[in-house]
Amino acid sequence: MAKKEPLTFSIFELAQEEGHPSAASIEKLIGKNRHYENGDGYTYLIYTEQDNDLLWVSFEFGASHPRPEHVIDKSKDNEKIANPRTEDQVEPTKQLFCVYHSTEGNLYVSDSRKRLFLEKFLNDLKSDNPIYVKRVIIDPEEFLAQLKIVDKMKVTAKTDLLSQTGHLFQPVQDIFGLGAPEYFEISASYGMRMEDRIKSIFRDFHNETKQGTVQKFICVGKNEEGIETVFNTENFTQKIVIYLYKQDNGLFKPEEVKGEILSQLNRLNERAG
């Protein structure tokens with residue numbers, strides 16, 4: 001039986017020097033339906049839909065290469081046959097989804113690795129002023145105020161720093177009998193309600209990160225609406241995770257993605273209001 005699969009939206013800020021551009025201006029810049037290539041080997045098909053201060057943007061993309069000379073036909077006992085796709089044809093096997101809320105300037109992106117691509121894409125469309133896709137810095141205390149359930153904590157540190165502090169990973173420093181490793185990582189799962197002692201532990205590890213004792217500290221939990229929120233000292237990016245079934249072709253149905261992420265955002269806005 002098919003299982004729902006996660007789709008993680010990271011929150012960025014869409015900005016220009018004079019402030020946040022309107023949803024209408026970004027849709028006008030992109031257009032309702034366009035084709036785009038920027039030299040990265042991919043061909044993009046982009047679709048937009050605006051509703052007041054919200055803009056939905058869906059990308060389908062793929063590359064013409066590599067293109068093997070043969071494919072395997074599963075309907076013919078895995079027979080190798082000539083590839084029916086021509087050199088000029090592209091299979092859009094990849095997806096990217098974005099929601100822009102212009103009132104807040106928040107840009108929700110389903111693949112955080114595409115931040116610089118999105119910035120280049122928007123500026124390639126010849127905007128009057130440069131457009132920036134900025135990382136959102138989440139204040140630690142703001143994160144703690146949102147969190148209701150703590151699911152996981154993860155800490156990474158150098159062994160030499162651990163030996164200096166002594167108390168973090170001392171019991172398991174030589175767990176495999178090979179001596180102390182260069183780096184050590186511990187991940188602990190909980191699923192427990194937020195309480196003062198957890199806040200104290202969170203602040204301690206966050207301070208250790210700022211002092212350089214810990215390389216990375218991640219805390220994953222859920223807010224009151226059950227939406228997963230991540231505090232990551234590597235990028236301080238808040239994330240919203242939705243779960244959906246993929247179609248038989250292995251891709252998400254864009255309309256279902258749009259409906260689910262907008263539903264989650266509406267719940268967050270109602271809570272904030």
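**Salt bridges and a buried asparagine**

Author: D111 is buried, with a relative accessible area of 18%. Keep in mind that this is a predicted model.

Reader: Is R113 buried or exposed?

Author: R113 is exposed, at a relative accessible area of 71%.

Reader: How many salt bridges does the structure hold?

Author: There are 10. One of them joins D124 to K120, with 2.7 Å between the closest N and O atoms.

Reader: Where do D124 and K120 sit?

Author: In helix α2, which covers residues 115-124. They are four residues apart there, so about one helical turn separates them. D124 counts as partly exposed at 33% relative accessibility, and K120 counts as partly exposed at 38%.

Reader: What about E141, which side chain does it meet in a salt bridge?

Author: R203, at 2.9 Å from N to O. R203 is in helix α5 (residues 196-211) and E141 in helix α3 (residues 140-146), so this pair ties together parts that are 62 residues apart in sequence.

Reader: Which residues are linked in a network of salt bridges?

Author: E49, E255 and K258.

Reader: Switching topic: where is N106 found?

Author: In strand β8, residues 106-109. N106 is buried, with 16% relative accessible area.

Reader: And what does N106 touch, leaving out residues up to four places away in sequence?

Author: I11, F12, V99, Y100 and H101. Separately, the N106 side chain makes a polar contact of 2.9 Å with the side chain of E104.

Terms used
Residues numbered from 1 in each chain as written. Predicted model: local features only at pLDDT ≥ 70, side-chain atom pairs only at ≥ 80, totals over all residues. Heavy atoms only, no water. Helix = DSSP H or I, 4+ residues; strand = E, 2+ residues; numbered from the N terminus. Buried < 20%, exposed > 50% of the residue type's maximum accessible area, 1.4 Å probe, protein only. Polar contact = N/O pair within 3.5 Å; in protein donor to acceptor, adjacent residues only side chain to side chain. Contact = heavy atoms within 4.5 Å. Salt bridge = Lys/Arg side-chain N within 4 Å of Asp/Glu carboxyl O.
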